[in-house]
Amino acid sequence: MPISNRMDVYFQPTKRAIDDLPDECLFEIFKRLQTGKSKSCCACVSRRWLMLLSTIRRAENGNNSFGSSKSDDTEMSSGCNNGYLTRHLEGKRATDIRLAAIAVGTSNHGGLGKLSIKGMNSICGATNVGLTSVAHGCPSLRTLSLWNIASIGDEGVLEIAKECHLLENFDICQCPLITNRALIAIAEGCLNLTVLSIESCPNIGNESLQAIGRSCSKLQSISLKNCPLISDCGVSSLISSASCSLHKVKLQALNITDFSLAVIGHYGKFVTHLSLCSLQNVTEKGFWMMGNAQALKLLSLLTITSCQGVTDVSLAAIGNGCKSLKQISFRKCSFISDDGLAAFSKAARTLTGLELEECNKITISGIVGSLTNHEPNLKSLVLVKCSGIKDTALQIPLLFHGSSLRRLSIRHCVGFGAAARLVTIGRQCPQLQQLDLVGLYGLTDAVLLPLLESCGGLVEVNLSGCLNLSDESVLALARLHGATIQLLNLDGCRKITDKSLVAIADKLVVLNELHVSNCAASDHGLRALARSEHVNLLVLSLAGCCGITSRSLPYLERLGKTLVGLNLKGCSSISSSSTKALVEKLWSCDILV
């Protein structure tokens with residue numbers, strides 16, 4: 001009797017035998033896998049299997065619920081965003097293989113919710129193939145960011161638009177191959193879109209914005225920057241769209257004119273945040289029309305940067321038309337003077353925050369006038385690099401008390417701080433909690449001490465770059481505000497010594513962030529900090545302190561029990577072996593060396 005009739009012969013299938021099957025057969029096999037775990041295991045077999053698995057749409061799986069097990073969700077909860085996973089790929093790590101792995105693997109853990117792909121120095125291996133894998137495997141995708149990627153174009157984005165209908169946030173920057181075709185598809189396929197940001201994309205223009213305006217009724221935030229094909233036609237169409245309910249609008253370096261600002265003024269009835277930057281073709285007339293149109297009733301935050309069309313006349317119109325303004329920031333607006341600021345302040349009486357940067361026609365007189373007009377409400381005043389802010393013989397009106405001011409920040413105003421003007425302002429702002437006096441070379445102990453004595457309980461103090469301050473100021477600060485200060489920055493105050501660190505260790509009982517970089521601190525001062533019973537610092541910066549040596553290693557270890565950030569950059573007296581040992585012991589702390 002033949003052997004074949006007397007016994008069964010079993011041949012175990014091998015991976016090579018299965019791998020010899022054509023893609024079409026493997027595709028049909030993979031479609032019938034019932035669990036996400038099975039798919040993940042198969043994806044590990046070979047690159048070919050991984051790429052095949054990544055082409056399967058979720059709707060084509062034999063069991064669409066394979067990724068919804070509670071155990072899997074719990075296992076990956078630390079990487080979740082609103083119940084969905086988040087993945088970020090940057091530089092060389094951004095490849096099609098990794099995107100395929102994300103598409104296959106995340107389905108086993110509840111689905112991908114947020115994906116960010118960022119090229120670095122033009123290095124990025126991600127292409128349309130990888131993005132297509134994500135589109136097919138991750139229909140739950142809600143946020144997609146593509147930055148500095150020259151290898152992804154319309155094909156990949158079209159697949160996202162076709163498969164990821166839950167997309168809410170789309171952010172693209174420096175993607176030259178993405179055109180209007182892709183953005184129109186996003187507008188028509190992703191009706192839940194609420195946030196859109198487009199930057200430095202030379203092939204995206206007005207047609208995209210028109211499609212967004214027609215289809216995306218849920219859009220709340222739009223940011224457009226440096227896109228040469230976007231003009232008045234696209235911006236005005238989007239803003240004036242009947243379905244538009246935009247709350248946040250940012251326009252920067254665009255070829256738009258007065259017409260677009262007039263449209264914003266007429267149709268921006270839901271806009272609460274508006275940022276306008278480097279709009280070189282917008283004149284005084286455009287800003288005047290925007291303010292006088294009277295539609296920006298809900299506008300609460302306005303930022304205008306490097307716009308030469310902002311003048312005293314247009315500023316007054318903005319104040320009259322935007323009655324709900326809470327915070328306003330003018331940066332590099334060289335035509336604004338005290339007169340314009342006064343007219344604006346009289347109209348916009350609800351202002352709580354005022355920031356001026358490089359507005360060189362504004363003087364201390366204009367600032368005091370603004371403070372007087374907003375006395376009941378103003379909480380924050382920020383002045384940065386305003387050369388018109390100088391010490392003068394100005395007499396502050398007795399009617400001005402500034403009692404509501406909580407934050408005073410004066411940075412790099414080189415003509416200010418040497419005389420008693422600062423003291424006069426400070427004395428009339430007793431409720432200050434945050435004090436930033438940065439880069440005021442003329443500021444001395446004699447000027448600062450009366451200011452410190454007039455404040456009730458400072459919480460954050462930044463005196464970085466004030467070269468003429470000494471230990472005397474820190475000792476007074478510790479004595480007067482030791483119970484409330486949580487952040488102290490003395491970076492670059494070269495006259496600050498261990499005497500200050502001893503006072504800080506003794507008096508500042510709630511301090512959690514201390515910066516004494518480039519000061520005259522040494523091992524002795526660090527020892528005082530380490531031995532203090534109430535010092536529980538989270539952040540400590542000692543960069544450039546040559547007096548800190550390897551002998552401070554035990555003190556740093558003791559402080560490191562609570563530290564999450566430590567800066568030892570430029571501490572040349574600490575040996576490399578000591579630094580290495582410290583890094584090993586403080587493994588949970590982020591250390592810069």
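In strand 14 (residues 407–411), the bridge partner of V382 is S409, strands being DSSP runs of E with at least two residues, and helices runs of H or I with at least four, each numbered from the N terminus. The model is a predicted one, in which local features need a pLDDT of at least 70, side-chain atom pairs count only at pLDDT 80 or more, and totals for chains, interfaces and linings use all residues. Residues are numbered from 1 along each chain as its sequence is written, and side-chain values use heavy atoms, with hydrogens and water left out.

The pairing of strand 13 with strand 14 is parallel and comprises five bridges, where pairing requires that DSSP find at least two bridges between two strands. Strand 12 (residues 353–357) also pairs with strand 13 in the parallel sense over five bridges, and within strand 13 the bridge partner of E355 is V382. Five of the five residues of strand 13 (residues 380–384) are buried, that is, under 20% relative accessible area with a 1.4 Å probe and protein chains only, against over 50% for exposed and values in between for partly exposed. S380, V382 and V384 point one way from this strand, whereas L381 and L383 point the other way.

Helix 8 (residues 128–137) is likewise largely enclosed by the rest of the structure, because nine of its ten residues are buried; among them are L131, V134 and H136.

Confidence, expressed as pLDDT on a scale from 0 to 100 for each residue, averages 85 over the protein, and 81% of the residues score at least 70.

Terms used
pLDDT is the predictor's confidence in each residue, from 0 to 100.
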